[in-house]
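User: I am new to protein models. Please walk me through how to read one.

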Amino acid sequence: MESIVSGCSILLRGASAILVLVYHSSNIFPVAYAAVDLFFMLSGFVLAERYGESLLQEDGRRNFISHRIARLYPVYLVCTLLGAVSVFPLIGHLENWSVSAFAVSSITSLLVLPAPSDTVLGILPLNGPAWSLFFEVVANAVFLFTAARLRLAVSIVVLSAPAFVVALWYFRYPPGSVWGDIVGGFPRVLASFYGGVLISCLWRRGLRIRLAAWPGWILVAALTALYSEFVLTERKYYLLLTFAAHPMIIWFGLGLARNAQLERIATWMGEISYPLYLVHVPLLILLATYGVGDCFALRNYLGLGNTSWGGECHRDAIPLVVFVLPLSLLMAHLIAISIQSPGRKLWLRWRPI
């Protein structure tokens, strides 16, 4: 069951990372920001499967911390350094983004902590998407002491889900990425993360299904279709995705039979998903800075509007995603084989914690 579970989760994670990239670099898939909540739910499920029982054993918490650092930090560090190179030229173009803010952000980013500067670049301004990594660490810290217990998972979902709904209506956008709505990020991550833990608990108790392997591609297509358009008002549709569509997609994915071809593709997509998620925005900013492709989408993403920043851009220019998708896939692959795997092995061999 372990390989089936891993194949399902990493295939969905890889597909979601690509959808987020397209979302950030074009006006396609306007609901793909919800993929972050799918990441949280998949993370809760996978960690519950791998560490839910071992956390209760001797050295279980120490091993969990070591493995999570090995998994997350090497790639994060490299992509944050690349992010620093990309956002440095933006000093003076964004409100509150100065040399001193950059310097302070460089220190806090090394600790995966929110920077005190309140800019459109987010709470971790050197690499915007890393805001979700901060909340992933928060969820991991809570999981460290709760493990994969059914009653605790139910309790946390029951408490955090209503708080998330309130935060969603209180703030303008899905909360967590900037200082103005950072408080709402806590119930957001806990609701999805422990939703994944709850799925794991129920799956282990026998509440499961069995399917053939080929519907795996239908699940990816369904995820793509769900993120392509709103069918309700934005907030209501977003909640429908978070509390209904995402659990159903994961649940059906768990029942897929083993398939060698699917697992090979899923393994590769899983390996590049995390570096892809963290490397694409620095590349987007670097490309837009030098006027490559259609810069308007990124200017709107940064809150700059139709300004002269980033060189000459024209509305009939080639969409930025045409440049950033293959480049990001290549960079993610190189980071996966040169940083992610070796860094993980090196840290676990060293084991300072």
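Analyst: Start with burial. A residue is buried under 20% relative accessible area, exposed over 50%, and partly exposed in between, using a 1.4 Å probe and protein chains only. Now the case here. Y277 is buried, at 7% relative accessible area. This is a predicted model: local features need pLDDT of at least 70, side-chain atom pairs count only at pLDDT 80 or more, and totals for chains, interfaces and linings use all residues. Residues are numbered from 1 along each chain as its sequence is written, and side-chain values use heavy atoms, with hydrogens and water left out.

User: How do I read a pair of aromatic rings?

Analyst: Two values describe such a pair: the distance of the centres and the angle of the planes. Rings of Phe, Tyr and Trp (its six-membered ring) pair if their centres lie within 6.5 Å. Planes under 30 degrees apart are stacked, over 60 edge-to-face, and the rest tilted. The count here is 19 aromatic pairs. Take F39 and Y277: they are edge-to-face, 5.4 Å centre to centre, with 75° between the planes.

User: Which parts does the pair of F39 and Y277 tie together?

Analyst: F39 lies in helix α2 and Y277 in helix α10 (residues 260-289), so the pair ties together parts 238 residues apart in sequence. Helices here are DSSP runs (H or I, at least four residues), numbered from the N terminus. F39 is buried too, at 13% relative accessibility.

Now try Y170 and F171. This pair is edge-to-face, 5.0 Å centre to centre, with 85° between the planes. Y170 is exposed at 67%, whereas F171 is buried at 13%.

User: What does S132 contact, leaving aside its neighbours within four places in sequence?

Analyst: Contact means heavy atoms within 4.5 Å. Leaving those neighbours aside, S132 contacts V36, F40 and Y277. S132 sits in helix α5 (residues 131-146). S132 is buried, at 7% relative accessible area.

User: How do I read two packed helices?

Analyst: Use the angle between their axes and the distance between the axes. Axes are lines fitted to C-alpha atoms over the stretch in contact, and angles run from 0 to 180 degrees between N-to-C directions. Helix α2 (residues 35-51) and helix α3 (residues 60-87) pack at about 135°, with axes 12 Å apart. That makes α2 oblique to α3. Under 35 degrees is roughly parallel, over 145 roughly antiparallel, 65 to 115 roughly perpendicular, and the rest oblique.

User: Which residues meet between α2 and α3?

Analyst: S43, L47 and Y51 in α2 meet F64, H67 and R68 in α3.

Technical notes:
Helices (H or I, at least four residues) and strands (E, at least two) are DSSP runs, numbered from the N terminus.
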